[in-house]
Amino acid sequence: MAGDDVAETKKGSSKNTKNSSNESKLKQKSPAEFFAENKNIAGFDNPGKSLYTTVRELVENALDSAESISELPEVEVTIEEIVKSKFNSMIGLIDRERVDTQLYDDYETEKAREKRLAKEARVSEIQAKNLASGKKNKEPGVSKVLKARGEASYYKVTCKDNGKGMPHDDIPNMFGRVLSGTKYGLKQTRGKFGLGAKMALIWSKMSTGLPIEISSSMKSQNYVTFCRLDIDIHRNIPHIHLHEKKGNKEKWHGAEIQVVIEGNWTTYRSKILHYMRQMAVITPYAQFLFRFISETPEKNVIIKFTRRTDVMPPIPIETKHHPSSVDLLLIKRLITDTAKKTLLQFLQNEFVNINKTLATRLIGEMGPDFSPSMAVKSVTSQQMVRIHQLFRQAKFDDPSGNCLSPAGEYNLRLGIIKELHPDMVATYSGSAQVFEGHPFIVEAGVSVGGRDVKQGINIFRFANRIPLLFEQGGDVVTRTALKRINWNSYKINQTQDKIGVFVSIVSTKIPFKGTGKEYIGDDISEIATAVKSAIQQCCVQLKSKIVKRLQAREQQERKRSLSRYIPDATGAVYEVLKQMTEEHKKKKKSYGEEDKVIIEKVSKDIITKEILTEKLAEHVEQVDYEMALEYATQSGVSEEPRENIYLQHLDTNKTNFIDLHSPTFVFRLIL
């Protein structure tokens, strides 16, 4: 017995040891595996949001690609609905009829079916009685229809552009390796995570198992690269199905990406169309063609957002780090990567706003262990801490905004007018400001009236020239527009007027909040102040326009009022003149010479009631014109009417012209 207990104890202890060794074994996850398990971070919370985010990522990549070669973007987006039978045939799966119907969530027993039909019959009978007696029927409740958990909707998303294209050999890694790309330098970029189409490929792998297809060609290439691949999520490497070169007779350049994913068009239709519309506002120099192709032709959607200008913002420039924005890890990385030999050269060349004189002063302030000629690779961890402490305490000039690429007042104003057709609009572009060592520029536009704009305040937010559509409540723009602007003081009715508030923020680092990076926090005072100031500047411009409009309206109302009383006034005057004529004839009353002349004209019907009416109307017109002319002279307004005009898009091959920029227009001098 005792021997058995000892044996059992040894057996149990060996099992526990085995379990504990398994639990203590270190495991690693690849970047692709991490984002696959935490897809909500990248905006793939559910099928509907995943469809929206896929469209957004592909469109932004297309714009970046075209702008990088100064090409006016032309982007085509197609979402094609794929029914279950078609999807099954794509993956080689044969449709199968249900055998055991009770296995499914939407199974209905015979008893439940009889009960449902009896209830529907009673409801129909009650409705018929109500109609006969003239009573109103209540809206029928929505019947609960069970939907199987395995049901899904599939869509093929295609995005084609006229951009730079991609090198043949780099395509597999650009799409099949997470956290590898060309947007990781310090510069203004549209991307939030640098994932781009990679996350769409991961979602495709998770939801459909189908690969992504890429066609690409660069300028002057005589071939088109075609690549079909998916991703090995656990190893974070591309799995290439086909990678080949094809002929390029049309000399096309750009990229066409096609991916099949699970999605939900019904719930996110408005978000996707809203995104495309806002993208057309902030990039009026681009042309977008959006198509949704359904199995039901009546549900098809085709929208074209035409280009209205060929003036593009400058290309963002990669910049160096500002000393006040770096941390210990970044200092260590910069020292490791630098090609400079000495500490003086490192400080002078790896950071902005540190010249040779300032670098020498900084090294002198660091202490006796530092010298300008010391090897930068020999800097110890403790010395890095000293450099970091001095960077945080010393005073440096603010970085300039030359590296940034705002949309520009001209493009912002043109985009608002093109898409919303407001009654009036004002725009403002602020100067570059700084938070935590990063430059930023705030541009704003405020419109009143317009097409498809609801009453009240409508917020349109942009970060690095991309629309932000989610988590609006906590955003600095929303809070500022709703709580910090006194709209009444600018003659704007916050509840009744159709107000559009457009704010675009560009920076080398957008301080997003939340896991999805969908809004900019309200806790950075520099940005909050700049946003408020930009909106107020627009409101000041609008107030001037609104006051002029109100004065013109009052003048028109005054003219209408005077014109309304012309018949009564002329009738009364004419009656008095007739009475004076009668009295003069009967010599009951004597009048002066001027009065006699008028009485004589009345008696000879030279002055009639109709003539008095005509003369009084002419007088009202003359007074109104003189008042309007006086007002226009005082306010500097020309008498000629104004019209909105658009410049015709020129052939991109013709470059012999000079653009003279203004906040509200661009004058093109053709040589």
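Does Asp-230 count as buried or exposed, and at what relative accessibility? At 5% relative accessibility, Asp-230 counts as buried, where buried means under 20% relative accessible area, exposed over 50%, and partly exposed in between (1.4 Å probe, protein chains only). This is a predicted model, in which local features need pLDDT of at least 70 and side-chain atom pairs count only at pLDDT 80 or more, while totals for chains, interfaces and linings use all residues. Residues are numbered from 1 along each chain as its sequence is written, and side-chain values use heavy atoms, with hydrogens and water left out.

**Chain overview**

- The chain contains 18 helices and 18 strands; helices (H or I, at least four residues) and strands (E, at least two) are DSSP runs, numbered from the N terminus.
- Of the 671 residues of the chain, 42% count as buried.
- Among the contacts in the chain with a separation of 6 or more, 74% come from residues 24 or more positions apart; contact means heavy atoms within 4.5 Å.

**Surroundings of Asp-230**

- Asp-230 is located in strand 4 (residues 223-232).
- The side chains of Asp-230 and His-241 are joined by a polar contact of 3.2 Å. A polar contact is a pair of N or O atoms within 3.5 Å; within protein, one must be able to donate a hydrogen and the other to accept it, and residues adjacent in sequence count only if both atoms are side-chain atoms.
- Leaving aside residues up to four places away in sequence, Asp-230 touches Leu-201, Lys-205, Pro-211, Pro-238, His-239 and His-241.

- An open sheet is formed by 8 strands in the order 5-4-3-6-2-1-7-8, with mixed pairing; two strands pair if DSSP finds at least two bridges between them.
- Strand 5 (237-247) and strand 8 (301-305) are the edge strands, each pairing on one side only.
- Strand 1 (residues 74-82) and strand 7 (residues 287-293) pair in the parallel sense over 7 bridges, and Glu-76 has Leu-289 in strand 7 as its bridge partner.
- Helix 3 (residues 47-67) packs on the sheet and touches strand 1, strand 2 (153-160), strand 6 (254-263) and strand 7. The direction of helix 3 makes about 175° with that of strand 6; axes are lines fitted to C-alpha atoms, for helices over the stretch in contact, and angles run from 0 to 180 degrees between N-to-C directions.

**Helix 12**

- Gln-383, Met-384, Ile-387, His-388, Leu-390 and Phe-391 are buried in helix 12.
- These residues cover an arc of only 165° around the axis, which puts them on the same side of helix 12; the arc is that of the directions from the helix axis to the C-beta atoms.
- The face turned away from the buried side of helix 12 carries the exposed residues Ser-381, Gln-382, Arg-392 and Gln-393.
- The packing partners of the buried residues of helix 12 are helix 9 (328-337), helix 10 (343-350) and helix 11 (356-366).

- Strand 11 (residues 438-448) runs antiparallel to strand 14 and is joined to it by 9 bridges; Phe-440 stands opposite Ser-507 in strand 14.
- Strand 12 (residues 456-463) runs parallel to strand 14, with 8 bridges joining the two; Ala-463 stands opposite Ile-505 in strand 14.
- Ile-510 lies in the loop between strand 14 (498-507) and strand 15 (512-513), and at 11% relative accessibility Ile-510 counts as buried.
- Not counting residues up to four places away in sequence, Ile-510 touches Ala-463, Asn-464, Ile-505 and Ile-520.
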